[in-house]
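Please read this briefing alongside the structure.

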Amino acid sequence: MAAGLTELQARILVGRLRDYTGDIEALVDPGLRHLAHPGRLADGSRAAERIAQAVAEGEHIGILTDYDVDGITSHVVIRRTLNELFGVPRQRLHSLIGHRIHDGYGISMPLVERTLKLSPRPTLVITADCGSSDEPRIARLKQAGIDVVVSDHHALPIEGPPPSAYATVNPTRSDCDYPDATIAGCMVAWLVMSLARATLIEQGVLEADTPKLSPWLSYVALGTVADCVSLGGSAINRAVVRHGLTLINRMNEPCWRAMAERLGADSIPFNAETLGFQMGPRINARSRLDDPYAALHFMLAGSDDVAHRHLAVLDDDNQARKAIEADMVEDAKVLAKSALLEDAPAIVVYLEDGHPGVQGIVASRLVQAYGRPTLVLTPAAEAGMLTGSGRSIEQLHLRDALQRTHELAPETLPRFGGHRGAAGVGVPLSCLADFRRAFLQAAGEQLEGIELAPRIYTDGELSIAQLDLATLDEIEALGPYGREFESPLFEGEFIVERLRPVGDGSHLMMELSLGRMSWKAIWFRALVPGELPSFSEGATLRCAYKLNRNRYRGRESLQLMIEHGEAKG
């Protein structure tokens, strides 16, 4: 065990790294020294040389990325590097981002057609966070004389990298020597562009003192947290997020300053939770409901005024997304009852009137509620097709389950992609019943013998003396927290001294006591709006909670964030 840890810190680490066999110090004290050299990426040098050629010869370059936070931050990294570091004029750069609803995920055919209509047409397209499963569309671009450099992190199809791509840089490749396959798409893009910089310097196109890409790690931190890649077994991901947060909190970019102003002065310094629960949802909301370019413009804003203008759009979309989500979750839970009654290994629901942009969030809510992998499907823009998003549990590799589904019934799943915890699918409406059967079989094969139910894992209890800001300091020193390295969750019993619904009526503000001490507490989404609490003042609340630093007018106090609770009287 790493030296210098407190008993509580050791307890937290043991609960998260039980099976970890690597260097504990690299996780406890993550730093950029743990980044592996990008030259170890298969096809990395080939990709860098092609990008360098395009820069040196003045080619038009297309930047094609996914529309989520990982894709948008990847786009920013590539575009700012080409323009600001490599000197490519903006008029020779073409931003290509698909519309979630009209185009779908990845290198869609509508996106290909838009690329081919550009004038002048790019001779190189660099992808990020997509492309590994898009061989037919890449072949179409190659046929038109466009080279495609794929940078991605999603699982490759069993056939391997797309043969029509000029290069495919993906750490999940079986022939890739890069030591960490869990990095996000934005990190792959950052590594590829770092290699391109080194190549351009070697060729004498750039000066040796050309700035490195280090400042862009702020964007990589945001994309890494929002894409929910591992922060448990990955020293690289932890290092990138920790360093990126340091950069973000310098508030050098208008996007960070605008967000800080929106959240209030007491929100600074940002932490991983700020990125995951405040910035990420706002950027995602735009692409869930409409065109994703406002999110890109927000991240690229050159002034505070421009950043604020685009952030207002993202905020409005995020509020609309929340309303749509609430209705869809309610409908999905009704439809999920049959799967629960059958004790099915997974949940597949089709929401005929559902919004495709909110599928993933709804799937997450069902996973939390029922402890089963879930796919949520809605009508696609293409007639006769459904589009869907899935979220999984720790025991099931979702991308592998979909690959097995395709093997069992290929006609029911013409298109899918993703990774262990999340995935997207395209399913013909006429094949829905057959797809459901095949997917349930595939899930059942992985989950055989595993009891499925919602599980709450905690880090145990805290003493009264530990319920203070010093304990929170101990916890924060082990950050960043995220997927597979979740923020500590504790359990205990408290007396409810005061409570009142707040916000839209779904949240509970409380004062909880233990012995002679009391603390403020907040329980988000504790109620259905308009519903009264099932307990009253004086009740004993057994709960699972997190510690939170409540800042108000420059003063700090400890606040309990209730995650789950049950009154005993």
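Cys228 is found in the loop between helix H8 (217-226) and helix H9 (235-248); helices are DSSP runs of H or I with at least four residues, strands are runs of E with at least two, and both are numbered from the N terminus. This is a predicted model, in which local features need pLDDT of at least 70 and side-chain atom pairs count only at pLDDT 80 or more, while totals for chains, interfaces and linings use all residues. Residues are numbered from 1 along each chain as its sequence is written, and side-chain values use heavy atoms, with hydrogens and water left out.

**Backbone geometry**

- Cys228 is not a glycine, yet has a positive phi of about 60°.
- Most residues other than glycine have a negative phi, and most peptide bonds are trans.
- The peptide bond from Ser119 to Pro120 is cis, with omega near -5°, and Pro120 is in the loop between helix H5 (109-116) and strand E3 (124-128).
- Gly479 and Pro480 are also joined by a cis peptide bond, with omega about 10°; Pro480 lies in the loop between helix H17 (469-476) and strand E11 (490-502).

**Helices H13 and H14**

- Helix H13 (residues 304-341) packs against helix H14 (residues 359-370) at an angle of about 50°, and their axes are 9 Å apart. (Axes are lines fitted to C-alpha atoms, for helices over the stretch in contact, and angles run from 0 to 180 degrees between N-to-C directions.)
- That angle makes H13 oblique to H14, because angles under 35 degrees count as roughly parallel, over 145 as roughly antiparallel, 65 to 115 as roughly perpendicular and the rest as oblique.
- The residues of the contact of H13 with H14 (heavy atoms within 4.5 Å) divide into 10 nonpolar, no polar and four charged. (Ala, Val, Leu, Ile, Met, Phe, Trp, Tyr, Cys and Pro count as nonpolar, Asp, Glu, Lys and Arg as charged, and the others, Gly among them, as polar.)

**Helices H15 and H16**

- Helix H15 (residues 398-408) and helix H16 (residues 432-447) pack at about 130°, with axes 8 Å apart.
- H15 and H16 are therefore oblique to each other.
- Their contact has eight nonpolar, three polar and three charged residues.

- One cavity of 30 Å³ or more is found in a search of the whole structure. (On a 1 Å grid over the protein atoms alone, a cavity is a set of points where a 1.4 Å probe fits but cannot get out; lining residues have an atom within 4 Å of a point.)
- The largest cavity holds about 40 Å³ of space, a volume being the space filled by probe spheres set on the points.
- Residues lining the largest cavity include Tyr105, Cys130, Asp152 and His154.

Terms used: 1 Å grid on protein atoms, 1.4 Å probe; cavity = no way out; pocket = protein on both sides within 12 Å on 5 of 7 lines; lining within 4 Å.
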